Structures are given as structure tokens and as C-alpha cells.
Amino acid sequence: AVNLALALKAQGARVGLLDIDIYGPSVPMMLGIVGKKPGVSPDQKMFMPVPAYGLSVMSIGFLVEDDTPVIWRGPIVSSVVKQFLGDVGWGELDYLVIDLPPGTGDAQLTLTQTVPLTGVVIVSTPSELALVDAVKGMQMFRKTDVPVIGLVENMSFYACPGCGHHSPIFN
């Protein structure tokens, strides 16, 4: 999601990046903005996203301490997803890229039931275990009439910086 958002920004688009991986928010770390806090609108009714590399970013990682686990049941997760979609002052965007947790849980289902989605890109490592979850995710989005735009394979291999040899990671 981070790479896609930055690529869209590099093409001149206005891009928001929403991290709704509630139990494992990684976007703040990936963008080097750990410890930042979202602002609040003048009327105190909206969160204002954190700026990073020209992106507007929101994550639960901004609202909880780094070493504190988020221990919430589904209804609370759904409520936070809805709040991030409706109570964040995103401004004018061309794209809102949303980072989801793996699987077919409350965050995904709430998202599909709350806003119209243009499409999804599924990201998976080439391990068989991860691919099982990726396929389930694709099937869930298809069943909820969300187009699957593509599948991206991440961490396919390790490239040795010394000799350039490629070694598969998940064999």
C-alpha cells in the first residue's frame, strides 16, 4: 500500500493512505513517522491526517503507544474503520489507498459494507500459507462485488548485494 500510494503521488495524484490493519499497523514505521499524532480540525470534529512524503496518512498506530497491543473485538474494529473513513479530513483526493490486514476479517467486511470501492490489489508473499489467505481474500472481495485489480507478489527473493544472485525466501 505504501509503495502504491507513493507511486500514485509520483504520477501527480493527490493521495491519502489509510492503515486499517488495526492489530498490526505498519504504515507509520514504513514512512518513518512513528510517534506523530494526527491533528484535529478547528471545529474539533475531524482528525487531520499526518503528512508524509506528500501523502495524507491515517493509522491507528498514531493513536496507541508503540508497545501496546490493540485488544479489541470486531465491533470496535468496525467502529474505528468507519470513523477513519468518515471522521478524517482527507480533503480533495484522487486516490485513497487502504492498507488492510491479511485475511477476511472485520476490517475488510466493514470496508466493503461502508464505502464503494473501485478495486483491490491483493499483496502476498509466495509462501503457500500466505497464498491460501490471499485467495480467500480475493474470493471475499469478488463475493462483495469489489473488482480485484491484481495480485502483487512481495518478498519473492533475496538479492545478494555482493554478487547479485537471487535466492528464494520461501522454499
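**View 1. Asp 19 and the residues packed around it.** Asp 19 touches Pro 25, Ser 26, Val 27, Pro 28, Met 58, Ser 59, Ile 60, Phe 84 and Asp 99, leaving aside residues up to four places away in sequence; contact here means heavy atoms within 4.5 Å. This is a predicted model, in which local features need pLDDT of at least 70, side-chain atom pairs count only at pLDDT 80 or more, and totals for chains, interfaces and linings use all residues. Residues are numbered from 1 along each chain as its sequence is written, and side-chain values use heavy atoms, with hydrogens and water left out. Asp 19 sits in strand E1; helices (H or I, at least four residues) and strands (E, at least two) are DSSP runs, numbered from the N terminus. Its relative accessible area is 0%, so Asp 19 counts as buried (buried means under 20% relative accessible area, exposed over 50%, partly exposed in between, with a 1.4 Å probe and protein chains only). Gly 162 is 143 residues away from Asp 19 in sequence and 35 Å away in space, C-alpha to C-alpha.

View 2. Look for Asp 21 in the loop between E1 and helix H2 (27-30). Asp 21 is buried, yet the nearest side chain of opposite charge, Lys 136, is 17 Å away (Lys and Arg count as positive and Asp and Glu as negative; His and the chain ends are not counted). What Asp 21 does touch, residues up to four places away in sequence not counted, is Ile 60, Asp 99, Leu 100, Pro 101 and Pro 102.

**View 3. The salt bridge between Asp 94 and Arg 14.** A search of the whole structure turns up 1 salt bridge, meaning a side-chain nitrogen of Lys or Arg within 4 Å of a carboxyl oxygen of Asp or Glu. Here the side chains of Asp 94 and Arg 14 meet at 2.9 Å, N to O. The pair links distant parts of the chain, 80 residues apart: Asp 94 is in the loop between helix H3 (74-86) and strand E6 (95-99), and Arg 14 is in the loop between helix H1 (2-10) and strand E1 (15-19). Asp 94 is partly exposed because its relative accessibility is 40%, and Arg 14, at 42%, is partly exposed too.

**View 4. The largest nonpolar core.** This core has 31 residues, and those with the most contacts inside it are Leu 17, Leu 31, Val 57 and Phe 84; a nonpolar core is a set of buried Ala, Val, Leu, Ile, Met, Phe, Trp, Tyr and Cys residues joined through side-chain atoms within 4.5 Å. H3 gives the most, with 5 residues. Among the neighbours of Phe 84, beyond four places in sequence, are Leu 18, Ile 20, Leu 63 and Trp 90. A second, separate core of 7 residues includes Ile 122, Ala 134, Met 138 and Met 140.

**View 5. Two loop residues with positive phi.** Gln 44 is not a glycine, but its phi is positive, about 65°. Gln 44 lies in the loop between strand E2 (39-40) and strand E3 (47-48) and, at 61% relative accessibility, is exposed. Tyr 53 has a positive phi as well, near 55°. Tyr 53 belongs to the loop between E4 and E5 and counts as exposed at 60% relative accessibility.
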